[in-house]
Amino acid sequence: MLERLLASWAGVSPRERRLVLFAGLVLLLAAVFLLLIEPAWRGRVALQKELPVLRAQLAAVQSLAQEAGTLAGRAGSAPASSAQVRVALEQSVAAAGLGPSLQKIELNGELIEMRFRGVSHERWLSWLAGALPETRTRVVDLALTREAAPGVVSARLVLEAPRRRAG
């Protein structure tokens, strides 16, 4: 069969041979482009579109890892008893400048009840957002009452102290 093909190739004129070789070269280049270059090009474009999303996700994960490291470092310094949590809460209230608004802080087992009167809602929320992770407490009950002045509230807050680990 190869001999017949070589015999027919020898019978073709030189001009036709050049045209057939040129057509074969064009087909070879088209195949290389379609099979190798074009898929790589599309993949590169897709990765360029995906890269900003992946970078944003990486930044978020790094931020969460840093926060976890900070919280893990703080875990050893967490108050060991409800009384120590109460003292830490009193100190954080004073540091936030909310001391005059604090009417009552009462310890009842693992629960700490706090009452504020005439406190700036914004400052109180800011204090609460910082005090909860600092003292590792969680809100069990919360009641806010709007006062006559704009942005001023009275609050009753019940927090649960962190449970001590045995061992």
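Trainee: How many bridges join β3 to β4, and which way do the two strands run?
Mentor: There are 8 bridges between β3, residues 138-146, and β4, residues 152-160, and the strands run antiparallel. Keep in mind that this is a predicted model.

Trainee: Which residue in β4 is the bridge partner of L144?
Mentor: That's A155.

Trainee: And what about G151 in the hairpin?
Mentor: G151 takes a positive phi near 75°, in a hairpin with 5 residues between the strands.

Trainee: OK, S154 then. Where does it lie, and is it buried or exposed?
Mentor: S154 lies in β4. Its relative accessible area is 13%, under the 20% cut-off, so it counts as buried.

Trainee: What does the S154 side chain make a polar contact with?
Mentor: The side chain of E147, at 2.2 Å. Beyond its neighbours within four places in sequence, S154 is in contact with several residues, including F116, A143 and L144.

Trainee: Switching to aromatics: how many aromatic pairs does a search of the whole structure find?
Mentor: It finds 2. In one of them, F116 and W124 have ring centres 6.2 Å apart and planes at 75°, so that pair is edge-to-face.

Trainee: Are F116 and W124 buried or exposed?
Mentor: F116 is buried at 2% relative accessibility, and W124 is buried too, at 0%. Together with W127 they form one aromatic cluster.

Trainee: Last one: what lies over the face of W41?
Mentor: R44 does, at 5.9 Å from the ring centre.

Note on methods
Residues are numbered from 1 along each chain as its sequence is written. This is a predicted model: local features need pLDDT of at least 70, side-chain atom pairs count only at pLDDT 80 or more; totals for chains, interfaces and linings use all residues. Side-chain values use heavy atoms; hydrogens and water are left out. Two strands pair if DSSP finds at least two bridges between them. Helices (H or I, at least four residues) and strands (E, at least two) are DSSP runs, numbered from the N terminus. Rings of Phe, Tyr and Trp (its six-membered ring) pair if their centres lie within 6.5 Å; planes under 30 degrees apart count as stacked, over 60 as edge-to-face and the rest as tilted. Buried means under 20% relative accessible area, exposed over 50%, partly exposed in between (1.4 Å probe, protein chains only). A charge sits over a ring if NZ of Lys or CZ of Arg is within 6 Å of the ring centre and within 35 degrees of the ring normal. A polar contact is a pair of N or O atoms within 3.5 Å; within protein, one must be able to donate a hydrogen and the other to accept it, and residues adjacent in sequence count only if both atoms are side-chain atoms. Contact means heavy atoms within 4.5 Å.
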